[in-house]
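Dear colleague,

Please find the structure below, followed by a short account of what was found in it.

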Amino acid sequence: MPDGLPDNIQPLLDAVPAYVLVFFRVAGLMLFSPLFGSSRIPRRFKLMIALVLSLGMLQGGLPEGVVVPDTLIGLILAIGSEMIFGVAIARENMPTADSM
C-alpha cells in the first residue's frame, strides 16, 4: 500500500468493483424507467440518485457467495451485463398501450 494512506482504507478499496456493478445496474434502470427516463429531469439529478441508491444497496456489504471479477475484461463484461439487466428491468415495468 502507498505511504500516506490509512490502514483502514483497504476494505473501501475492495468494495469499489461491487459498487461500480451495482451503480451500472441502477443507472441502466434509471435511464429507461418511465419516471426517471424523462428528459425533463436533469442528468445530474439522475446521476446523484443513482449514486445514492447504489451506496444504500451496498451499505450492508456484499452478500455471501457473490464473486466480483478481478480482471479488467471481466469487470467490463460484468458492467455490460449489469447495464443490460437494469435496462431489462426498466423495460419490463414500462406501461404499454394495452395497459392504458
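Helix α1 passes helix α3 in a right-handed crossing, a term used when the near helix is turned clockwise from the far one by less than a right angle. Helices here are DSSP runs of H or I with at least four residues, numbered from the N terminus.

The model is predicted: local features need pLDDT of at least 70, side-chain atom pairs count only at pLDDT 80 or more, and totals for chains, interfaces and linings use all residues. Residues are numbered from 1 along each chain as its sequence is written, and side-chain values use heavy atoms, with hydrogens and water left out.

The side chains of E82 and R25 form a salt bridge, at 2.5 Å from N to O (a side-chain nitrogen of Lys or Arg within 4 Å of a carboxyl oxygen of Asp or Glu). E82 lies in α3 (residues 72-92) and R25 in α1 (residues 10-32), so the pair ties together parts that are 57 residues apart in sequence. E82 is buried, at 17% relative accessible area, whereas R25 is partly exposed, at 32%; buried means under 20%, exposed over 50% and partly exposed in between, with a 1.4 Å probe and protein chains only.

L72, also a residue of α3, is exposed, with a relative accessible area of 63%.

Terms used
Helix = DSSP H or I, 4+ residues; strand = E, 2+ residues; numbered from the N terminus.
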